[in-house]
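Dear colleague,

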Amino acid sequence: MGVDKLERDFRYKVNAWARKIRVFPHDVRIERLEKKWGFCTADGFVTFNSELLFLDEAIQDYVIIHELLHLKVSHHGKLFRSLMSVYLPDWQKQEVKLSKEATRI
């Protein structure tokens with residue numbers, strides 16, 4: 001599968017999750033990041049590491065949901081973790097898998 005199709009599919013997934021979570025990113029970017037899988041800014045810019053395109057869909061969902069939830073909750077406190085559990089009940093499992101992928105970036 002070509003990178004263009006992977007990116008289109010990923011963007012589609014981001015938009016679907018954004019609708020479900022009811023957040024409205026100002027812009028979604030996919031680019032090579034040196035040390036992060038993704039980040040968002042207070043003004044609604046969400047950036048994902050292009051390496052995510054090649055990872056398991058469950059891990060992609062974890063990072064997408066994690067970053068989109070930061071548009072609602074800026075910290076990683078109890079509310080954030082509760083929302084993660086609502087949208088992705090096995091998020092801790094995916095977090096562990098993602099940490100094993102850290103060698104990719």
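In what follows, two residues are said to meet when they have heavy atoms within 4.5 Å of each other. Please note that the model is predicted.

On that criterion, Tyr 62, Ile 65, His 66 and Leu 69 in helix H2 meet Phe 80, Leu 83, Met 84 and Tyr 87 in helix H3. Sorted by class, the residues of this contact are seven nonpolar and one polar, with no charged residue. The axes of H2 and H3 come within 10 Å and cross at roughly 135 degrees. Angles from 65 to 115 degrees count as roughly perpendicular and those over 145 as roughly antiparallel; H2 and H3 are therefore oblique to each other. The crossing of H2 past H3 is right-handed.

H2 also packs against helix H4, at an angle of about 105 degrees and with the axes 9 Å apart. This makes H2 roughly perpendicular to H4. On the H2 side, the contact is formed by Ala 58, Ile 59, Tyr 62 and Val 63; on the H4 side, by Trp 91, Gln 94, Glu 95, Lys 97 and Leu 98. Six of the residues in the contact of H2 with H4 are nonpolar, one is polar and two are charged. Tyr 62 is listed in the contact with H3 and also in the contact with H4.

Turning to H4 itself, which spans residues 91–100, its buried residues are Trp 91, Gln 94 and Leu 98. Viewed down the helix axis, these buried residues fall within an arc of 60 degrees, so they line one face of H4. In general, an α-helix has 3.6 residues a turn, so residues three or four places apart point the same way. The cover over the buried residues of H4 includes helix H2 (57–69) and helix H3 (78–87). On the face turned away from the buried side, H4 carries the exposed residues Lys 93 and Lys 100.

Finally, the loop between H2 and H3 contains His 76. Its relative accessibility is 47%, so His 76 counts as partly exposed. Leaving aside residues up to four places away in sequence, His 76 touches His 66, His 70 and Arg 81. His 66 is also one of the H2 residues that meet H3. The C-alpha atoms of His 76 and Gly 38 are separated by 15 Å, the two residues being 38 apart along the chain.

With kind regards

Definitions and conventions:
Residues numbered from 1 in each chain as written. Predicted model: local features only at pLDDT ≥ 70, side-chain atom pairs only at ≥ 80, totals over all residues. Heavy atoms only, no water. Buried < 20%, exposed > 50% of the residue type's maximum accessible area, 1.4 Å probe, protein only. Helix = DSSP H or I, 4+ residues; strand = E, 2+ residues; numbered from the N terminus. Arc of directions from axis to C-beta. Axes fitted to C-alpha atoms, helices over the stretch in contact; angles between N-to-C directions. Parallel < 35°, antiparallel > 145°, perpendicular 65-115°, else oblique. Left-handed = near helix turned anticlockwise from the far one by under 90°. Nonpolar A, V, L, I, M, F, W, Y, C, P; charged D, E, K, R; others polar.
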